Amino acid sequence: MKNKNQLQKSLSASTSRRLGNTVVYILLIVMTLVWLFPFVGIVLESFKVDVRGMDGKFIPGEFGFDNYIRLFKETDFFRWFINTGIMGVATAVLQTFFVLSMSYVLSRLRFKGRKGLMNLMLILGMFPGFLTMILIYKVFSDFGLTMNMAPVGLIIVYCASSGMGYYVSKGFFDTIPKSLDEAARVDGATRWQVFRKVIMPLSKPIIIYTVLMGFMAPWGDFMLASYIIHENSAGMSVAVGMYEWLSKTMVNTNYTMFCAAGVIVAIPVVSVFLALQKYYVEGVTGGAVKG
């Protein structure tokens, strides 16, 4: 009788667990469909032959590549794409160097004012960047880094304060034993050699995480970019250039082309993220272990 009761309880627990998992899976599927719905809609709109946008039809009546052809023949989208790609690569390289260097110094060295510097950078990082837009524009305008030269100016902005985002990388470096540094120093290695030849080979996840964050920043920035570029097509990024098509006078004829541009812009970002997703997760979780 006792064994029978235990069996019934086991079956009841198993049934409850399966029911709970089923409910969770159904909710996840529904959430995924809701999340993917607008992306699928954009892709379908990009292949719509009729250029009149927002006609209320989710599935186009006729498919074609007209919008993609128009995109490269009738607009400066290719120039915008190259500008953004250059900004993304340059920002990823420079920002990674600055962030990892700052993080290593704060993780390994002990000097007067270290705690105060860390706290100051954390506080300054809480203020939104657009508070300094007027000053940035004035300085860059004096140096000729607006309009056509806006990509260069934006790279400087993206990288100038990147060292203040040290906390995730520092947390990752804190997990690497300091005995490795000490052993290398005993063998005669300089601080730079320790950083480059000992720490960097062990820090692949956080390096890739930092590169990914730096690469994605220019693709999604609109507010500061539009302010510095100031309606000059030669220096536009994709976000600023595509926004011009959504004005009241142009949205009806350019909406489907806007969707096609959105699909193309998403390709490099999604590809890089999917390729590096494993290291991205390792970098975030590794940097969250210690502060």
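# Salt bridges and pockets

Glu45 has a relative accessible area of 9% and is therefore buried, a word used for values under 20%, while exposed stands for values over 50% and partly exposed for those in between (1.4 Å probe, protein chains only). The structure is a predicted model, in which local features need pLDDT of at least 70 and side-chain atom pairs count only at pLDDT 80 or more, although totals for chains, interfaces and linings use all residues. Residues are numbered from 1 along each chain as its sequence is written, and side-chain values rest on heavy atoms, without hydrogens or water.

## Charged pairs

The partner of Glu45 is Lys48, with which Glu45 forms a salt bridge, that is, a side-chain nitrogen of Lys or Arg within 4 Å of a carboxyl oxygen of Asp or Glu. Lys48 is buried too, with a relative accessible area of 3%. Across the whole structure, a search finds five salt bridges, and three of them are listed here.

| Pair | N to O distance |
|---|---|
| Lys48 and Glu45 | 3.1 Å |
| Asp142 and Lys138 | 2.9 Å |
| Asp181 and Arg108 | 2.9 Å |

Helices here are DSSP runs (H or I, at least four residues), numbered from the N terminus. Both Asp181 and Arg108 are buried.

How far apart along helix H5 are Asp142 and Lys138? These two residues stand four residues apart in that helix, so about one helical turn separates them. Asp142 is exposed, with a relative accessible area of 55%, whereas Lys138, at 47%, counts as partly exposed.

## A positive phi

The phi angle of Met147 is near 55°, which is a positive value in a residue other than glycine. Most residues other than glycine have a negative phi. Met147 is partly exposed, its relative accessible area being 29%.

## Two pockets

A pocket is an open set of points on a 1 Å grid where a 1.4 Å probe fits, with protein on both sides within 12 Å along at least five of seven lines, and its lining residues have an atom within 4 Å of a point.

The largest pocket has a volume of about 1100 Å³, and of the 34 residues that line this pocket, Val157, Tyr158, Ser161, Ser162 and Met164 lie nearest its centre. Several helices give two or more residues to this lining, among them H3 (77–108), H6, H7 (167–174) and H10 (204–220). Sorted by class, the lining of the largest pocket holds 24 nonpolar, nine polar and one charged residues.

The second largest pocket has a volume of about 590 Å³ and is lined by 19 residues, with Phe39, Gly262, Val263, Val265 and Ala266 lying nearest its centre. Helices H1 (2–46), H10, H12 (238–243) and H13 (251–287) each supply at least two residues of this lining, and H13 gives the most, with eight residues. Which classes of residue make up this lining? The lining of the second largest pocket divides into 18 nonpolar residues, one polar residue and no charged residues, where Ala, Val, Leu, Ile, Met, Phe, Trp, Tyr, Cys and Pro count as nonpolar, Asp, Glu, Lys and Arg as charged, and the others, Gly among them, as polar.

Methods
Points joined across faces, edges and corners; volume = space filled by probe spheres on them.
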